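User: I would like to learn how to read the features of a two-chain model, one at a time. Please give the general idea before each case.

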Amino acid sequence: MNETFFLTIISAAFVTLILKGSFIEGSKYIQLPQWFREALEFAPPAVLCALVVPGIFKGEIGLIKEFGMVAIDPRWIAAVVAISLFLKYKRTIDTLALGMVVLHASYWGQLATQ
Amino acid sequence: MFAGASQLAAYQLLGQESSIWVILVTVMAINLRYVLYSASMAPYLSAAPRATRLLASYGLTDQIYAVCQRDYPLHTWQLSERIAYYAGGTILLWILWQACTLTGALMGQIVPIYWSLDFMIPLTFLALALGTLKSGAHRVAAVVGTTVSWLALDAPMNLGLIGGGIAGIISGILVKRFHS
């Protein structure tokens with residue numbers, strides 16, 4: 001909890017409010033340009049995927065910070081399993097839960113056998 | 001800030017020492033959809049007083065957009081009835097949201113680090129991202145976004161994320177235009 005943290009949250013909230021209020025508040029007769037509609041269509045897959053990458057390849061999870069490294073980063077194994085599960089069953093909560101189970105199983109399994 | 005996905009993203013990026021600008025651009029990209037919601041709610045709400053409009057803007061979510069977009073055209077409601085409908089859904093959602101956020105903040109101090117609950121953030125985005133792959137162009141956007149973000153993993157301030165997002169969006173648009 002420091003200044004940057006609060007500055008970030010407050011400015012993010014401000015940006016969000018501006019986006020949400022853009023039309024309800026302001027010029028209701030402006031048409032959204034075509035390129036904007038197209039960008040909007042592809043923003044979710046592009047941005048969300050780009051966001052997943054550092055979460056899986058950058059930094060360290062709590063397990064490794066507390067109990068040390070193992071040969072294969074358990075996040076990679078968990079991510080592969082989660083992707084396959086979601087593509088097959090399309091169930092968000094189950095994917096989250098099983099992803100976490102696989103994360104722990106693959107970590108403790110590797111730790112026990114090394 | 002009452003916008004879940006972008007809040008999670010901001011939290012993950014804060015933990016990775018990203019610059020505030022990268023975080024803001026990411027939040028903006030994730031929340032761009034609200035501009036579309038705002039535009040389709042405007043005809044129903046823009047006659048309301050300023051304070052009401054501001055509150056309605058703050059309270060705009062995927063959920064309230066979904067129900068209002070479905071129900072406003074079906075009824076011949078007065079402005080006050082439309083506002084009441086909007087407020088009913090939003091206030092309920094807001095209370096639940098704040099209660100869950102508070103619970104999370106308190107629980108977060110008790111849960112041990114080794115549980116690695118942080119990893120649920122990329123898992124959530126993974127599931128959300130895979131749920132958006134409804135066409136070939138969407139899949140191209142996803143693959144390009146992932147690849148660029150991975151190649152630029154060591155770029156300063158997590159800039160690879162912005163690069164990946166932009167490259168993914170542009171390639172999605174190009175593929176769609178090429179096919180039509």
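User: Where is the place of A:Lys90 in chain A?

Analyst: This is a predicted model, in which local features need pLDDT of at least 70, side-chain atom pairs count only at pLDDT 80 or more, and totals for chains, interfaces and linings use all residues. Residues are numbered from 1 along each chain as its sequence is written, chains are lettered from A and ligands numbered from 1 in the order in which they are written, and side-chain values use heavy atoms, with hydrogens and water left out. Helices (H or I, at least four residues) and strands (E, at least two) are DSSP runs, numbered from the N terminus. A:Lys90 sits in the loop between helix H4 (74-89) and helix H5 (92-113) of chain A. Its phi is near 55°, a positive value in a residue other than glycine.

User: Is A:Lys90 buried or exposed, and which loop holds B:Ser116?

Analyst: Buried means under 20% relative accessible area, exposed over 50%, and partly exposed in between (1.4 Å probe, protein chains only). A:Lys90 is exposed because its relative accessible area is 53%. B:Ser116 belongs to the loop between helix H6 (79-108) and helix H7 (120-130) of chain B. Phi of B:Ser116 is also positive, near 55°, but B:Ser116 counts as buried, at 4% relative accessibility.

User: How many helices and strands does chain B have?

Analyst: Chain B has nine helices and zero strands. Its C-alpha trace spans about 55 × 55 × 25 Å along the principal axes. Of the 180 residues in chain B, 41% are buried. For contacts, the rule is heavy atoms within 4.5 Å. Among contacts in chain B between residues at least 6 apart in sequence, 68% join residues at least 24 apart.

User: Which residues touch the most other members of the largest nonpolar core?

Analyst: In soluble globular proteins, nonpolar side chains tend to be buried together. A nonpolar core is a set of buried Ala, Val, Leu, Ile, Met, Phe, Trp, Tyr and Cys residues joined through side-chain atoms within 4.5 Å. The largest one here has 63 residues, and B:Met41, B:Leu60, B:Tyr86, B:Phe119 and B:Phe125 touch the most other members. Helix H2 (residues 34-57) of chain A gives the most to this core, with nine residues. Another core, of eight residues, lies apart from it and includes A:Ala39, A:Ala46, B:Ala137 and B:Ile169.

User: What is B:Leu60 in contact with, leaving aside neighbours within four places in sequence?

Analyst: With those neighbours set aside, the contacts of B:Leu60 are A:Lys20 and A:Ile24 in chain A, and B:Tyr34, B:Tyr37, B:Ser38, B:Met41, B:Tyr65 and B:Tyr86 in chain B.

User: How many residues does the contact take from chain A and from chain B?

Analyst: The size of an interface is often given as the accessible area lost when the parts come together. Here that buried area (1.4 Å probe, summed over both parts) is about 6300 Å² between chain A and chain B, with 79% of it on carbon and sulfur atoms. The contact takes 61 residues from chain A and 73 residues from chain B. A:Lys20, A:Ile24 and A:Phe42 supply 13% of the area that chain A buries against chain B, more than any other three residues.

User: Which residue does A:Asp73 meet in a salt bridge?

Analyst: The partner of A:Asp73 is A:Arg75, at 3.0 Å, N to O. A:Asp73 is buried at 14% relative accessibility, and A:Arg75 is buried with a relative accessible area of 3%.

Methods: Buried area is the accessible area (1.4 Å probe) that two parts lose on being put together, summed over both. A salt bridge is a side-chain nitrogen of Lys or Arg within 4 Å of a carboxyl oxygen of Asp or Glu.
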